[in-house]
Amino acid sequence: MGSESHDDLQAGREALPRTVARLEEGIARGEHRGAQMHVWRGGRVVADFGIGEARPGVPMTSEAITPWLSSGKPITAVAIARLWEAGALDIDDRVAKHVPEFAHGGKENVTIRQILTHTAGFANAETGWPRASWEETIAAVCAAALESPPGERAAYHPQSSWFILGEIVRRFAGRPFGEAVRADIFEPLGMTSSWCGMPAGSPSRELDRIGTLWQRSRQGLDATDWDVPPRLTAPSPGSNCRGPVRELAHFYRMLLRDGELDGVRLLQPETVRELVRPRRVGMYDETFRHVVDFGLGVLVDSKRHGAETIPYGFGRHASSRTFGHGGAQSSIGFCDPERELVVVWVANGLIGEPRHQRRNREINEAVYEDVGSEPPA
């Protein structure tokens with residue numbers, strides 16, 4: 001986190017008055033019980049704090065371990081990109097070259113690129129996760145039938161096809177996906193409190209930091225099972241990474257710095273550029289029910305398709321080069337290279353898509369208004 005003291009980071013709340021007000025309003029409205037926020041700009045941490053509750057009776061702090069849901073998808077994309085860069089695979093390889101059983105149901109021509117851009121042409125398969133084993137989950141996705149020619153239609157997959165990316169990583173690494181990303185991505189970047197599936201038997205000092213995710217109901221906010229096994233411990237390459245949001249910000253800082261962070265290089269600059277440049281442009285997404293543009297495993301700024309309606313967007317003030325990813329009704333991580341800005345936050349209430357998209361826009365725009373929307377001097 002650099003040389004900032006704890007007091008400096010607590011003072012970061014005062015640097016984001018509009019953002020803090022919006023988070024507090026959300027608590028008052030019953031949208032979430034707590035939130036975690038990290039903002040980095042121009043070489044320094046602007047803010048790193050928690051607000052409200054992490055779980056019943058426990059204050060949210062910057063140390064809490066929060067679920068990132070799909071905000072962690074770019075981590076899997078980087079794991080694939082590292083194999084691509086090393087020459088182990090090509091992004092246009094057919095998936096079946098590496099997972100032969102995936103060819104079932106007419107999927108023999110689906111490519112890795114098409115999974116990364118959500119244009120693979122098969123439905124988001126029911127996998128049985130998190131109660132199904134990894135092997136059962138992979139088998140369920142492999143059994144899915146092709147519905148349309150690969151590359152012709154776009155439909156975002158919250159989870160299923162990303163298990164196949166995880167299986168490719170697992171086969172090359174020779175160890176479980178969660179262990180591979182922990183060793184190859186999290187630990188080198190100093191993300192020592194981050195996991196994709198927390199190991200069973202984790203130390204109590206880690207388990208005591210786990211935050212609850214709530215779901216809105218007619219009665220208010222009800223606790224979900226994201227903080228207990230099997231959902232806590234079952235890896236999902238598309239939906240189940242977690243840690244303090246500052247650690248996901250480390251990951252985005254690495255991408256902002258062309259693949260290197262604090263002397264640790266995970267990717268070459270040209271590989272990062274290939275990941276984050278627009279690849280799927282102007283396609284209507286049948287899951288989001290909106291035109292949304294994608295890089296390889298990352299959302300890219302799409303406000304030209306409707307700044308007030310774009311799902312999981314970065315707000316009106318984001319530059320056209322902004323990229324990142326949102327997590328279902330609860331979180332987002334992104335970086336804006338033109339502003340030298342990294343933003344990651346989690347609000348721990350699942351409140352339905354329309355209401356969350358409004359919250360997402362308001363928080364992101366408040367951050368820009370607080371820090372300034374012009375490039376730093």
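A: That's α12, which puts four residues into the lining of the largest pocket. Keep in mind that this is a predicted model, where local features need pLDDT of at least 70, side-chain atom pairs count only at pLDDT 80 or more, and totals for chains, interfaces and linings use all residues. Residues are numbered from 1 along each chain as its sequence is written, and side-chain values use heavy atoms, with hydrogens and water left out.

Now the pocket itself. Its volume is about 550 Å³, meaning the space filled by probe spheres set on grid points joined across faces, edges and corners. A pocket here is an open set of points on a 1 Å grid over the protein atoms alone, where a 1.4 Å probe fits, with protein on both sides within 12 Å along at least five of seven lines; lining residues have an atom within 4 Å of a point. There are 29 lining residues in the largest pocket, and Pro158, Tyr312, Ala328, Gln329 and Glu353 sit nearest its centre. Two elements give two or more residues to this lining, β14 (323-327) and α12 (353-371); helices (H or I, at least four residues) and strands (E, at least two) are DSSP runs, numbered from the N terminus.

Sorted by class, the lining comes out as 13 nonpolar, 12 polar and four charged residues. In that scheme Ala, Val, Leu, Ile, Met, Phe, Trp, Tyr, Cys and Pro are nonpolar, Asp, Glu, Lys and Arg are charged, and the others, Gly among them, are polar.

Glu365 belongs to helix α12 and Arg316 to the loop between β13 (299-300) and β14, so the pair links distant parts of the chain, 49 residues apart. The cut-off for a salt bridge is a side-chain nitrogen of Lys or Arg within 4 Å of a carboxyl oxygen of Asp or Glu. Glu365 counts as buried at 10% relative accessibility, while Arg316 is partly exposed at 40%; buried means under 20% relative accessible area, exposed over 50%, and partly exposed in between (1.4 Å probe, protein chains only).

Zooming out, the count comes to 32 salt bridges. Among them, Arg175 pairs with Asp184 at 3.0 Å, N to O; Arg175 is partly exposed at 30% relative accessibility, and Asp184 is partly exposed too, at 27%.
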